[in-house]
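Visitor: I would like to learn how to read a model like this one. Where do we begin?

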Amino acid sequence: MKKIEAIIKPFKLDDVREALSEIGIAGMTAVEVKGFGRQKGHTELYRGAEYVIDFLPKVKLEVVIKDDQIDSCIEAITSAARTGKIGDGKIFVSDVSRVVRIRTGEEGDDAV
């Protein structure tokens, strides 16, 4: 099994959720986060004072999937989240050694 973590722009969350649903991925976790990379942040004006916003709002998605779903999952996230502008985000893939469903005690692929 694999765990995919994707950092995306907040307004793309529904598009990504729909794209994942279309390929049969039923569950995911979404967390509001803040961060920056090459996008760096920007300067805003508030009541006449200029201030720098270093950390930009993003959404972090986490999905645990079977190994054979990895390519379709990455493609779905990439195509749904892409705007073509800086700050579209990143996808990280890591191995998952064990999954246990708390309610039933099922493990492995059955728990996903």
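Guide: With a cut-off. Contact means heavy atoms within 4.5 Å. Keep in mind that this is a predicted model.

Visitor: Which residues is E5 in contact with, leaving aside its neighbours within four places in sequence?

Guide: They are K60, L61, E62, K90, I91 and F92. E5 itself has its place in strand β1.

Visitor: Does E5 count as buried or exposed?

Guide: Buried means under 20% relative accessible area. E5 has 19% relative accessibility, so it counts as buried. Its side chain also has a partner: a polar contact of 3.0 Å joins E5 and K60.

Visitor: Let us step back. What pattern does the protein follow along the sequence?

Guide: The pattern is β-α-β-β-β-β-α-β. That comprises two helices and six strands.

Visitor: How do I read the overall dimensions?

Guide: Start from the radius of gyration. A compact globule of 112 residues would be near 13 Å, but this protein has 17 Å. The C-alpha trace spans about 60 × 30 × 20 Å along its principal axes. Of the 112 residues, 26% count as buried.

Visitor: How do I read a helix with two sides?

Guide: Begin with the general idea. An α-helix has 3.6 residues a turn, so residues three or four places apart point the same way. Now take α2, residues 70–81. From first C-alpha to last, its 12 residues reach 16 Å, close to the 16 Å expected. The buried residues of α2 are I70, C73, A76, I77, A80 and A81. They cover an arc of only 135 degrees around the axis, which puts them on the same side of α2.

Visitor: Which residues are exposed on the other side of α2?

Guide: D71 and E75.

Visitor: What do the buried residues of α2 pack against?

Guide: They pack against β1 (2–8), α1 (13–22), β5 (56–65) and β6 (90–95).

Visitor: And how do I read a core?

Guide: In soluble globular proteins, nonpolar side chains tend to be buried together. Here the largest nonpolar core has 17 residues. Those with the most contacts inside it are I8, V16, L20, I65, C73 and I77. β1, α1, β5 and α2 are the elements that give two or more residues to this core. α2 gives the most, with six residues.

Visitor: What does I8 touch, not counting residues up to four places away in sequence?

Guide: I8 touches L13, V16, K58, V59, L61, A81 and D88.

Visitor: How far apart in sequence are contacting residues?

Guide: Take contacts between residues at least 6 apart in sequence. Among these, 70% join residues at least 24 apart.

Conventions: Residues numbered from 1 in each chain as written. Predicted model: local features only at pLDDT ≥ 70, side-chain atom pairs only at ≥ 80, totals over all residues. Heavy atoms only, no water. Helix = DSSP H or I, 4+ residues; strand = E, 2+ residues; numbered from the N terminus. Expected span 1.5 Å × (residues − 1). Buried < 20%, exposed > 50% of the residue type's maximum accessible area, 1.4 Å probe, protein only. Arc of directions from axis to C-beta. Polar contact = N/O pair within 3.5 Å; in protein donor to acceptor, adjacent residues only side chain to side chain. Core = buried A, V, L, I, M, F, W, Y, C linked by side-chain atoms within 4.5 Å. Rg over C-alpha atoms; globule rule 2.2 N^0.38 Å.
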